[in-house]
Amino acid sequence: MRIEPFAMERMQSTWENLVDYDMSESGVRPLTLRELAAMGLDIEALLDTPLGYSQSNGTLELRESLAALYPGATVDHIEVTNGSSEANYIVALALIEPGDRVAIETPNYMQYPGLVRSLGAQVETFRLIPETGWQPDWQEFERAVSPGTKLVYLSNPHNPTGSVLSPEAMRRIADRCNEVGAWLLADEVYQGAEIHSPRTQSFWGMGGRVIVNNGLSKAYGIPGVRIGWIAGPPSFIAQCWSQHDYITIGPNKLSDRIARIAIEERERCFARTRAILQHNLPIARDWVASFDGFLEWTEPAAAALTLVRYRSPVPSIELAESIRTRQSTLIVPGAQLGLEGYLRIWIGGREEYLCEGLRRIGVELDRCRSAV
Ligand SMILES: Cc1ncc(COP(=O)(O)O)c(C=O)c1O
């Protein structure tokens with residue numbers, strides 16, 4: 001299968017460990033094993049664990065605790081994966097056939113357009129609108145999601161804007177998918193990373209063809225263990241398990257164990273995430289304001305990132321490149337997220353890191369501003 005480059009991930013994979021400040025990240029600064037031990041992870045038991053294969057679709061214990069998060073779900077509704085990126089990948093492999101139509105919001109995380117195109121699907125997009133707090137443009141949505149649409153992909157809370165769909169918008173999206181017979185894949189990896197608002201509602205239960213993907217990387221703050229999951233109808237999950245057999249077989253044993261603690265102690269993980277983001281949001285707000293209108297944003301409601309618009313015709317890839325080469329600081333140019341004229345900036349780090357990263361980005365933005 002020929003696949004087009006995933007521009008943002010490739011850029012991050014190339015540079016994230018070589019720059020002084022990686023402000024292209026998107027989760028909160030990660031938990032350590034010591035912090036997880038304080039939550040109940042038995043490190044001694046890990047030392048004695050034979051490093052064999054684990055249950056390939058996730059241990060029964062882990063799937064039981066995940067199923068409990070989704071009303072009406074059983075262990076047969078859950079497939080545990082290596083990160084939510086693998087969850088997304090497996091869903092596409094299990095569903096998409098050449099000629100299928102897939103509807104995707106823009107901007108977005110951008111794993112899906114390249115992936116489903118490589119499987120022969122045609123991508124149709126609908127915009128999220130900044131003036132409405134990044135809710136969908138409904139005319140475009142209804143054009144993109146129409147009879148014959150196979151799958152709709154969205155993330156909620158949303159990467160890259162940090163917005164959350166209103167309950168009415170969620171209902172309207174689910175109703176439209178039900179009406180036209182489309183599958184809805186809701187990538188909910190930021191659920192639990194709300195900054196001030198209550199927990200984001202899940203799409204789970206809003207239709208017979210709803211698939212929910214999630215994982216430990218963002219709201220839980222544990223990307224390094226690479227655990228994600230798919231929740232969906234059992235017949236569909238069985239197909240996902242078959243796909244998994246061909247790819248990575250299953251998640252690793254230590255990660256499965258760590259995930260069990262993380263799920264049990266999720267409210268502690270989410271509280272830590274919220275505290276980090278509540279601390280950092282005002283720093284980002286003051287920084288945006290310090291540009292006197294050259295930068296604009298809609299404050300993120302969730303997620304450890306923000307999308308800022310800059311008032312200059314300089315292409316975002318060029319601007320991001322000057323920030324990397326002159327300031328050794330990595331950010332994501334909007335062009336890699338489907339929205340030119342914007343930059344995505346991480347707000348999930350320690351205060352000193354955030355402030356210095358923003359300062360460095362600001363040096364190049366000032367240069368850009370004075371050239372306008
Ligand atoms: C919306 C969304 N989905 C999936 C992923 C993949 O995350 P992981 O594979 O670490 O769970 C990301 C990572 O940034 C993301 O933002």
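**Note on the strands, ligand contacts and aromatic pairs**

1. Valine 102 has leucine 151 in β6 as its bridge partner. The two strands concerned, β3 (residues 101–106) and β6, pair in the parallel sense over four bridges; strands pair if DSSP finds at least two bridges between them. Helices (H or I, at least four residues) and strands (E, at least two) are DSSP runs, numbered from the N terminus.

2. The model is predicted: local features need pLDDT of at least 70 and side-chain atom pairs count only at pLDDT 80 or more, while totals for chains, interfaces and linings use all residues. Residues are numbered from 1 along each chain as its sequence is written, and side-chain values use heavy atoms, with hydrogens and water left out.

3. Leucine 151 also stands opposite tryptophan 183 in β7. Between β6 and strand β7 (residues 183–187), which run parallel, there are five bridges. The chain passes from β6 through helix α8 (residues 167–180) to β7 in a right-handed β-α-β crossover (with the strands pointing away from the viewer, the path from the first strand over the helix to the second runs clockwise).

4. Strand β6 (residues 149–155) is mostly covered, with seven of its seven residues buried. Buried means under 20% relative accessible area, exposed over 50%, and partly exposed in between, with a 1.4 Å probe and protein chains only.

5. The ligand is surrounded by 15 residues, the closest being Ser84, Ser85, Asn159, Asp187 and Ser217; a residue is near a molecule if one of its heavy atoms lies within 4 Å of it. Ligand oxygen atoms lie 2.5 Å from a side-chain N or O atom of serine 84 and 2.6 Å from one of serine 85. For aspartate 187, a ligand nitrogen atom is 2.6 Å from a side-chain N or O atom.

6. There are 12 aromatic pairs, where rings of Phe, Tyr and Trp (its six-membered ring) pair if their centres lie within 6.5 Å; planes under 30 degrees apart count as stacked, over 60 as edge-to-face and the rest as tilted. Tyrosine 220 and phenylalanine 270 form an edge-to-face pair, 4.8 Å centre to centre with 65 degrees between the planes. Tyrosine 220 lies in the loop between β8 (210–215) and β9 (228–231) and phenylalanine 270 in helix α11 (residues 266–289), so the pair ties together parts 50 residues apart in sequence. Tyrosine 220 is buried at 2% relative accessible area, and phenylalanine 270 is buried at 7%.

7. Tyr21, Trp346 and Tyr353 make up one aromatic cluster.

How values were computed
A polar contact is a pair of N or O atoms within 3.5 Å; within protein, one must be able to donate a hydrogen and the other to accept it, and residues adjacent in sequence count only if both atoms are side-chain atoms.
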